[in-house]
Structure formats: C-alpha cells, structure tokens
Amino acid sequence: MSQKRIGLYPGTFDPLTMGHVDIVERAVKLVDELVIGVAINRDKGPLFSLEERVAMVEEEMARISGASGVPISVKPFESLLMHFAEASGANIIIRGLRAVSDFEYEFQMVGMNQALNDDIETVFLMADARYQSIASRLVKEIARLDGNVDAFAPAHVVKRLKAKFSGK
Ligand code: ADP
C-alpha cells in the first residue's frame, strides 16, 4: 500500500496523562503522520480549558515528534469524529484500551463509525502495564485532594494541576 498512513488519536485530554503519552509513543511506530484531536467536549465540563489542554498536548507532542521523526499536529475539534477524520485526511483512528472498562463503549463506537465510513480503520493500542489504570478523571481527583500525581502525568501537567487546585 503506497498510501500515506495518517493516524488520528482523538480524546478529551483533561489532562494529558502518562497513559495517553504511552499510546502516542506506540502509535508513532505505526503511522507516517499523527494528528491529535482534542475534543472540545463542553458536555464533559472539562477542568482545563481547550487552550490549556491543547498547550499541554502540544508540549509533549513536540518531544515525541522530535524523538520519533514522525510529524504530529494537534487540532481541536467539535464535529463528528468521522467528519473530523475525513477533513484531516486520516485513514486510521487510534484509541487506547484499558482492561474491560473501555471495551463496551469503544465496541459500540467502532460499529457506528464503520457504518459512517468503512474506509477508516480503528486501531486499539494498550498502554504499558504501569500506565494501564491511569485515567484523567482519577488523576484530577487525586490532585484535588492534594495527592502525589508525579507518576501519572508529565511534569508540566503536574505543575498545571497543582496551580489549578491551589488557586494560583
Ligand atoms: P475520551 O473522552 O475520548 O475518552 P480521553 O482523553 O479520556 O478521551 O481518552 C482518549 C483515549 O485514550 C481513549 O481511547 C482512552 O481509552 C485512551 N486512554 C486514556 N487513558 C489510557 C490509559 N491509561 N491506557 C490506555 N488508553 C488510555
């Protein structure tokens, strides 16, 4: 296949965790280019603004892109995932899978997305065992209660979490 493999990794990234980072580090081995789609997700009531989430993802992606040589762009999106994938020229959607918790939802999403555009394949990756149980929701909860989240998110994200919860 001579077609360029352009991957799209969509998520809320509220905030970016070591789980997300691990998935991206695996994804760059499979694609020629990667687009990280940061979902606006007003319904989820994110802790970090879209600008903050994009900035955190961009900072980390610059490092991974530099190390892997794979171009990575970061784009916010609000449209239907399949429309965003088409507009980005992506032909692979990357999702991470954690134990059984993500399965039911992801299974349904793939079914619906295949019906919308069957030319775009969804690929699931699993993070290293150390990062399997990390969820943005729990990282926020621990940080809010003043727990140590150093092992769960990149240092610049930890810094932003501390600032959020100390009101700085
Ligand atoms: P969404 O709102 O799309 O679930 P998230 O930012 O929570 O956005 O997650 C984006 C993707 O990253 C999802 O596919 C999710 O399953 C995956 N993911 C998040 N944390 C982990 C982790 N610790 N291990 C593997 N995949 C993960």
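Gly-69 sits in the loop that links H2 to E3, in a model that is predicted. With a relative accessibility of 59%, Gly-69 counts as exposed, because exposed means over 50%.

**The overall fold**
- The protein has six helices and five strands, and along the sequence they follow the pattern β-α-β-α-β-α-β-α-β-α-α.
- The radius of gyration is 16 Å, close to the 15 Å that the globule rule gives for 168 residues, so the protein is as compact as a globular protein of that length.
- Along its principal axes, the C-alpha trace spans about 50 × 35 × 30 Å.
- Of the 168 residues, 46% count as buried.
- Take the contacts between residues at least 6 apart in sequence: 77% of them join residues at least 24 apart.

**The surface and the charges**
- The accessible surface comes to about 9300 Å², and carbon and sulfur atoms account for 54% of it.

**The nonpolar cores**
- The largest nonpolar core holds 37 residues, and Val-24, Leu-34 and Ile-36 are those with the most contacts inside it.
- Helices H1 (18-27), H2 (50-68), H5 (136-144) and H6 (155-165) each supply at least two residues of this core, and so do strands E2 (33-39), E3 (72-77) and E4 (92-96).
- H2 gives the most to this core, with six residues.
- Leaving out residues up to four places away in sequence, Val-24 touches Tyr-9, Leu-34, Ile-36, Met-61, Ile-64 and Ile-72.
- There is also a second, separate core of twelve residues, including Ile-6, Val-35, Leu-81 and Ala-90.

- His-20 lies in helix H1 and has a relative accessible area of 15%, so it is buried, the cut-off being under 20%.
- Beyond its neighbours within four places in sequence, His-20 is in contact with Tyr-9, Phe-13, Pro-15 and Ser-136.
- Ala-153 belongs to the loop between H5 and H6, and this residue is buried too, with a relative accessible area of 3%.
- Not counting residues up to four places away in sequence, Ala-153 touches Leu-16, Thr-17, Met-18 and Val-158.
- Ala-153 and Gly-19 are 134 residues apart in sequence, yet their C-alpha atoms are 8.1 Å apart in space.

- As background, most residues other than glycine have a negative phi, and most peptide bonds are trans.
- The peptide bond from Asp-14 to Pro-15 is cis, with omega near 0°.
- Pro-15 is in the loop between strand E1 (6-11) and H1, and it is one of the residues in contact with His-20.
- Ala-99 is not a glycine, but its phi is positive, at about 25°.
- You can find Ala-99 in the loop between E4 and helix H4 (103-116), where it is exposed, with a relative accessible area of 66%.
- Asp-146 also has a positive phi, near 70°, in a residue other than glycine.
- Asp-146 is placed in the loop between H5 and H6, and at 71% relative accessibility Asp-146 counts as exposed.
- Ala-153 is found in the loop between H5 and H6 as well, but Ala-153 is buried.

Technical notes. Residues numbered from 1 in each chain as written. Predicted model: local features only at pLDDT ≥ 70, side-chain atom pairs only at ≥ 80, totals over all residues. Heavy atoms only, no water. Core = buried A, V, L, I, M, F, W, Y, C linked by side-chain atoms within 4.5 Å. Buried < 20%, exposed > 50% of the residue type's maximum accessible area, 1.4 Å probe, protein only. Helix = DSSP H or I, 4+ residues; strand = E, 2+ residues; numbered from the N terminus. Contact = heavy atoms within 4.5 Å. Rg over C-alpha atoms; globule rule 2.2 N^0.38 Å. Areas by Shrake-Rupley, 256 points an atom, 1.4 Å probe, with all protein chains shown as cover.
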